[in-house]
Amino acid sequence: MTVSIPALTELELLDSVPKGLLIGGQWRNASDGGTFDVHDPATGEVLATLASATSDDAVAALDAADAAQASWARTAPRARAEILRRAFDLVTERAEDFALLMTLEMGKPLAESRGEVTYGAEFLRWFSEETVRDYGRYLTSPEGKNKILVQHKPVGPCLLITPWNFPLAMATRKVAPAVAAGCTMVLKPAKLTPLTAQYFAQTMLDAGLPAGVLNVVASSSASGISGPLLKDSRLRKVSFTGSTPVGKRLMADAAGNVLRTSMELGGNAPFIVFEDADLDNAVEGAMAAKMRNMGEACTAANRFLVQESVAAEFTAKFAAAMGTLATGRGTAPATQVGPLIDAGARDDVHALVSAAVDAGATAITGGAPVDGPGYFYQPTVLGNVPNDAEILRQEIFGPVAPVTTFTTEDDAIRLANASEYGLASYLYSRDFNRLLRVAEQIDFGMVGFNAGIISNAAAPFGGVKQSGLGREGGTEGITEYTTTQYIGINDPHTG
């Protein structure tokens, strides 16, 4: 495969990324000297070696965050806003570096990585604007005997745990509102893709963020970081994006200190195509909803529910579009689909596909791993998938689209809701009343009407049921990092 980026450029960028732990504004080695390797999923080769934080390092990071909290909370909102705006400008200026770094450590094509830079940077700009608009209120009590003053205060030091699939955007989506609200942070990036978070943290320092406000502790042991911090009474919030089982364990641990929690967990998004839909538009939306990030996204369309009368036509067009996609290392100009994150992810995807085929599904296109180095899987469309197939119940997290059918609108609603998850969903129909009617009856935190990509910094991102708690982005995003304080005031007219 031809590589469009000269190797020296890759090496220079990797050399420029801090490899230590960021604690109290300084990059330093792990307390025990431990390290871990970061690999290129397109080749399996080592990209870089980073310091691996210990539990002692995690506590040191919380020490720094706690020491900085009071002064940071008193920092003027405009000053915090300007730091976020400078960070937005710097991320935008360094867009090609961030894009290449994400492609190297996560595998996505450069075009996808550039899109993530734009999306991730927007959280910095959005919350720079929201920082000065975190309003309280002042009013007269209903009986008229006193005044009510309500203000929002920063919740305090936060533990932010980000996943491997969106290395920049998941960091900015948590860090930006925390900065806006006046909270200090300990950031634990995923061990599979920590390089982008390291580079972003240095960018925040370059934007003027004071020492100790953001601390970064990459580690080969997630529990070694979260365990001692969740037991420490100085920590006041945990925000996690990742799997539902891990989220449940973190929520249980957070209960000990009654921590504020934000949980963005698993998804099993239905993509519902009604018989009156514009099928060409639906296929275009299906490609976007399924293949963003090679399907490694919690919002990825996971179940394609198509009304019987149009199922054959939709499936044929969808398979034709999927069959044209070129796999390869993300730096190659022709690449449209990069590798999955590791061998385990590829094997899990193939196990789901194999089980579906054994249960009666047909692999119309794809259906197997790609031979050679790296962790590639063929873009796949499965037809005639039984409604009870395991692949319709599990989050696939790969470039595989299982198609099943329904008869009536009520059937579509029932099938959509037949999941423990409730994050994203997608509806395709020309009948707007139908779209509204179905949206009101399906249990999902986000719904796309004739649109395959709906995430936006200005919109509240989050789910219901076992897809999590809380919202990120939108005006709701900053609220997740504040507490509400009520002050009762004697009526000034009586004293």
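This is a predicted model: local features need pLDDT of at least 70, side-chain atom pairs count only at pLDDT 80 or more; totals for chains, interfaces and linings use all residues.
1. Residues are numbered from 1 along each chain as its sequence is written, and side-chain values use heavy atoms, leaving out hydrogens and water.

2. Which strands does strand 10 join? Strand 7 (residues 158-161) runs parallel to strand 10, with four bridges between them. Strand 11 (residues 260-264) is also parallel to strand 10 and is joined to it by five bridges; there, Ser239 stands opposite Ser262. Two strands count as paired if DSSP finds at least two bridges between them.

3. Now look at how strand 10 (residues 237-241) is covered: five of its five residues are buried, meaning under 20% relative accessible area with a 1.4 Å probe, protein chains only. Lys237, Ser239 and Thr241 point one way, while Val238 and Phe240 point the other. In a regular strand, side chains alternate between the two faces of the sheet.

4. Stepping back, buried residues make up 56% of the 495 residues in the protein. The C-alpha trace spans about 75 × 65 × 40 Å along its principal axes.

5. Finally, a look at contacts (heavy atoms within 4.5 Å): of those between residues at least 6 apart in sequence, 73% join residues at least 24 apart.

Terms used
Buried means under 20% relative accessible area, exposed over 50%, partly exposed in between (1.4 Å probe, protein chains only). Helices (H or I, at least four residues) and strands (E, at least two) are DSSP runs, numbered from the N terminus.
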